[in-house]
Amino acid sequence: MSNRLPTGGRVDRSAPLRFTFDGVEYTGLRGDTLASALLANGVLTVGPSLYRERPRGIVTAGVDDPHALVQLERPHSEPMQLATTVELCDGLAAISLQGRGRLDEAPDEARYDKSYLHSDVLVVGGGPAGLAAALTAGRSGARVVLVDDQPELGGALLGGGREAIDGRPALTWVAEVRAELDAQPETRVLTRATAIGYHDQNYVLVAERRPDLPGGGGRLWHFRARQVVLATGAHERPLVFAGNDRPGVMSAAAVRSYLNRHAVLPGRRAVVFTTGDSAYATALELAAAGAAVPALVDTRPEPPAALVEAAGAAGIEVLTGSVVVGTEGEARLTGVRISALADDGSELTGPVRELACDLLAVCGGWSPAVHLWSMSRGTVRYDEQLAAFVPDSAAQAVRAVGSGRGRHDLAGCLSEGLTAGAEAATAAGFPVTAPVVPSCSGDEQPAPPRPVWLVPGEEGDPSTWRDHFVDAQRDATVADVHRAIRAGMRSVEHIKRYTTIGTAHDQGKSCGVAAIGVIAQLLGARSPGDVGTTTYRGPYVPVSFALLAGRERGPLFDPVRTTPVHPWHVRRGAVFENVGQWQRPHYYPRPGEDMDTAVWRECRAAREGVAMMDASTLGKIDVVGPDAGVFLDRLYTNGFAKLPVGSARYGVMCRADGMVFDDGVTVRLAPEHYYLTTTTGNAAAVLDWMEEWLQTEWPELRVRCTSVTEQWTTVAVVGPRSREVLAALAPGLDVSNEAFPFMTVRHTELANGVPARICRISFSGELAYEINVASWYGLAVWEAVLAYGAHAGITPYGTETMHVLRAEKGYPIVGQDTDGTVTPQDLGMAWIVARHKDFVGKRSFDRPDTSRADRKHLVGLLPVDRSELLPEGAQLVAPGADLAAVPVDPLGHVTSSYRSAALGRTFALALVRGGRDRIGDTVLAPLADGRTITATITEPVLFDPKGTRRDG
Amino acid sequence: MTADSLAADNRAVDRLAHLRRSPLGGLADRLAAGSAPGPRGVRLREIPYLAQLNLRLDPIGPAARRVAEALGTPLPDRTASVTVTGALRVLWLGPDEWLVVGPDGTAPGVEQTLRQVLGDEPGSLVDLSANRTTLELSGPSARAVLEHGCSLDLHPRAFGPGHCAQTTVSKVQVILDQTDAEPTYRLLVRASFARYLADWLLDAMSESTP
């Protein structure tokens with residue numbers, strides 16, 4: 001059965017498109033939506049309702065359809081699309097959905113990206129009001145962007161036919177405006193682009209669909225506009241009556257749009273049910289297209305005489321002061337029941353009359369699409385005359401025009417658009433005056449509607465009206481609203497949550513205001529305005545996560561930072577570890593080695609021979625100025641002002657609460673120049689911290705901080721034989737312990753001519769050096785160290801070995817052995833906390849809490865079974881603790897745990913309550929797998945506690 | 001800046017040139033392959049080893065005047081603006097912070113000169129030449145490519161030659177410096193982020209250069 005009319009419509013009859021729906025093959029036309037193509041093929045019914053499995057049909061022709069969810073399978077798999085917004089293409093395949101869709105497991109080939117665009121004037125909506133606004137604004141020379149969600153401009157005019165501007169069809173005017181906009185060099189028109197969010201400072205997000213891309217996809221536009229014009233149009237409201245969800249009950253405006261835009265006649269025998277003027281056009285055009293229209297049911301006792309006369313002339317009986325009270329049919333509507341309604345709307349007054357029909361076109365009034373306005377924090381008010389919530393006061397530089405603010409006639413829309421476009425451009429600095437409004441016909445200002453929020457049932461009371469659907473997507477009915485109110489709820493927000501009205505895929509676009517009307521009615525409120533709206537939230541239409549992710553997925557998901565030596569690490573077969581955004585060698589396995597074996601070998605090389613590591617990721621900050629020493633004294637717990645030039649010192653930084661924030665070695669290069677290092681992960685945070693204190697608390701200090709992290713490549717050379725490697729590498733440097741003592745810095749030229757800054761510092765307890773060179777020489781110097789160390793068997797090591805070596809010495813890692821609740825004293829580092837100077841965090845050490853004896857202390861742990869490895873994070877309890885107690889009395893937890901080559905056994909670091917007073921005690925680590933590991937508490941320094949290896 | 005001091009610097013660079021590796025040195029072919037000529041074209045290349053000296057000092061003190069004299073141009077005092085003197089570009093980074101950018105090898109000479117005129121004035125001068133590399137994006141579609149990941153208004157009415165900005169492109173901090181109206185942009189990017197930024201730009205360019 002074809003419902004396609006022989007002529008008319010904005011469809012290309014030369015281009016038939018094949019598609020399937022629920023496995024059945026059909027043919028449509030270019031210009032169709034999936035919904036219009038289905039209707040053309042006589043398919044009205046879509047997936048059944050989510051909870052009650054009632055048959056449901058296509059209702060609207062746009063983003064507000066409550067039923068027509070489909071799963072697209074071809075050309076691209078997309079879940080939960082609305083048939084009313086899917087553009088038909090050849091080969092399209094879709095299946096109906098009952099509520100939820102499913103994500104395809106195959107990789108998504110679509111290309112999504114984003115783009116930022118600034119404009120003087122952004123116009124949202126390409127109907128007559130928006131076009132008029134863009135036209136005037138564009139003529140000013142301002143940068144203008146017009147976005148519209150349809151494939152072509154025109155808005156409601158696309159679904160009309162009788163409208164004329166300047167005596168010609170309105171769509172001719174639309175085409176001329178489009179041509180003029182395209183010719184304006186600074187105007188940009190985006191179609192298939194839906195504004196989904198409106199944020200502060202006129203920041204508007206627009207989702208553009210791009211079906212032209214080979215794999216499909218889209219773009220998320222980030223617009224920033226000086227001025228915004230919202231010409232978003234209005235949504236036609238449904239009416240709440242018994243059986244209003246039956247397939248064949250459609251929006252009157254949608255019926256008209258399918259007729260005119262797609263040349264589709266959705267039914268052969270139609271009844272129209274309206275509260276206002278607009279549906280008369282639907283009735284007249286249905287009749288003109290050949291449908292039987294036995295009746296037009298108007299809630300108003302006295303509709304405008306001209307309309308009644310026109311209907312009569314077309315053979316349509318107008319039933320005034322009446323309502324549709326019920327529907328007949330199973331899978332599809334077969335008839336309606338009509339009755340007169342009392343003046344106060346409270347009861348049915350006439351006998352019920354039955355009329356056979358296969359289509360009921362309903363207009364329950366018009367709700368301006370105030371979603372974006374509301375998201376911009378503009379207020380809305382209820383207009384009793386229009387029976388609608390309309391934009392009230394603006395919170396940003398934004399104007400609402402046209403039916404988006406309740407102005408429904410064509411001339412009014414053009415007038416408001418032309419004026420708002422001129423005002424917006426002028427306000428943005430491009431003065432322009434609005435042109436004269438052209439003469440319009442075919443769409444006059446409507447007479448006031450008579451809203452009916454709740455059509456009484458023929459029997460029962462609201463508590464039993466379970467077929468009066470308020471939100472059909474949620475199968476929520478008048479009975480549900482009644483139950484919510486009986487349960488004590490009054491606020492629309494509470495009732496929404498109780499009934500789930502407005503929470504399905506269209507987020508209340510179709511049913512929201514209708515629901516407010518029902519609530520007002522059942523609460524006995526004077527008007528819906530006394531109930532108010534729920535909060536409008538973005539996105540205005542559902543968008544995919546793929547669109548939000550854009551290109552930032554897969555290899556572009558997040559920056560991968562690498563050091564200049566990285567290519568060598570890759571060639572050497574390093575296994576990498578992510579440290580923040582950095583990718584660092586974790587260890588360098590030789591063929592056949594697992595991680596434990598490789599780390600064991602690397603540790604032995606560092607303790608017994610010589611080893612090297614890429615330490616370039618350390619944060620590095622140049623601190624320069626006459627007050628640099630004073631500044632560092634105030635930030636570090638220990639002193640730096642008196643540090644001799646050429647010397648280095650380890651320091652700990654605390655937050656104001658006295659908790660450890662960062663640590664690192666700082667070198668004094670010149671009287672007014674310090675070179676400070678931070679932990680890899682904290683580099684940016686430490687610089688921010690320093691700037692915060694300098695800029696907000698101590699602006700008088702003459703100090704400048706500059707990040708130099710990537711100016712320098714740092715190669716650590718570690719182990720008893722490191723001195724002989726350095727001696728060969730830096731022939732001009734006296735490397736003897738006397739000439740180059742621990743914690744000093746030297747500048748020299750390496751054998752290959754590269755200038756280097758060499759610090760004698762150690763993070764392993766071994767004799768060690770850190771060689772800093774300009775990073776573009778980093779790879780060459782790394783390879784030189786390797787070459788000069790070859791005879792000594794120099795071994796590259798990764799972060800795991802670094803961790804083992806430092807843990808054997810009890811050196812904590814900030815962020816691993818600390819967690820923001822640990823003081824230097826807790827770490828056993830009271831020695832680094834100066835008594836006779838002030839520094840950030842010092843006052844917190846006078847708090848009773850920071851001097852408790854039973855704070856958690858950093859201690860070592862030796863499992864009784866020397867091969868048993870404690871899991872990091874394992875909780876510790878005292879022997880005999882009642883593990884059945886809730887909560888179990890905890891002693892602390894393991895922070896670091898390794899196998900040690902130097903100790904020939906496993907060991908761990910832990911934070912243990914009163915740990916320093918428990919040295920020698922036994923603790924238990926009950927594990928999730930049922931085992932319990934027993935360990936002995938020790939001092940944290942387990943290897944070379946006397947520090948005999950430092951000087952080689 | 002005298003020609004002599006620049007020449008002396010370049011000799012020092014030449015001696016070690018074979019040991020230098022720029023962050024994107026291995027990517028030159030891919031950058032070239034991703035570039036395209038034509039009215040919608042866009043080109044991407046690395047300009048390695050530019051001299052970059054971070055200068056911080058009181059913008060209205062006597063040292064600022066001496067620096068201006070030595071450079072031959074006032075330090076730009078307008079937000080996010082650039083002054084050009086000979087081969088050097090001076091970028092405004094903050095009310096008391098500038099970046100002096102020059103050709104490869106000029107950093108030591110410029111640093112020496114500026115250190116002399118700074119004298120005892122409190123300020124700082126830090127050589128950051130190896131800290132960042134430079135990506136040059138140019139061609140008719142260059143702005144559209146940047147707009148995929150840069151939230152600044154880059155329209156010629158808002159941004160053009162003589163403007164610079166510290167901003168982000170995609171997820172990467174850059175110093176953006178427009179050098180001509182074609183447009184041509186320099187993106188000064190920290191070495192460790194250069195590869196990601198280049199990959200991101202090549203991906204964004206793939207739309208303009210099908």
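**Close-ups of a predicted model**

View 1. Helices (H or I, at least four residues) and strands (E, at least two) are DSSP runs, numbered from the N terminus.

A word on the model: it is predicted, so local features need pLDDT of at least 70 and side-chain atom pairs count only at pLDDT 80 or more, while totals for chains, interfaces and linings use all residues. Residues are numbered from 1 along each chain as its sequence is written, chains are lettered from A and ligands numbered from 1 in the order in which they are written, and side-chain values use heavy atoms, with hydrogens and water left out.

**View 2. An open three-stranded sheet in chain A.** The strand order is β21-β22-β23, with antiparallel pairing; two strands pair if DSSP finds at least two bridges between them. At the edges sit β21 (322–329) and β23 (353–356), each pairing on one side only. From one strand to the next, the twist averages 30°, with axes being lines fitted to C-alpha atoms and angles running from 0 to 180 degrees between N-to-C directions. Seven bridges join β21(A) to β22 (residues 333–340) of chain A in the antiparallel sense. Look for A:Gly326, whose bridge partner in β22(A) is A:Arg337.

**View 3. Two cis peptide bonds, one in chain A and one in chain B****.** Most peptide bonds are trans. Here, the bond from A:Arg74 to A:Pro75 is cis, with omega near 0°, and A:Pro75 sits in the loop between β5 (69–74) and β6 (78–82) of chain A. Over in chain B, B:Glu182 to B:Pro183 is also cis, with omega near 15°; B:Pro183 is in the loop between β9 (172–180) and β10 (184–190).

**View 4. Positive phi at A:Gln507 and A:Met743****.** Most residues other than glycine have a negative phi. A:Gln507 has phi near 50° and belongs to the loop between α10 (492–499) and α11 (512–523) of chain A. Its 46% relative accessibility makes A:Gln507 partly exposed (between the buried limit of 20% and the exposed limit of 50%). A:Met743, with phi near 60°, is in the loop between α18 (722–729) and β41 (745–749) of chain A. At 17% relative accessibility, A:Met743 counts as buried.

Notes: Buried < 20%, exposed > 50% of the residue type's maximum accessible area, 1.4 Å probe, protein only.
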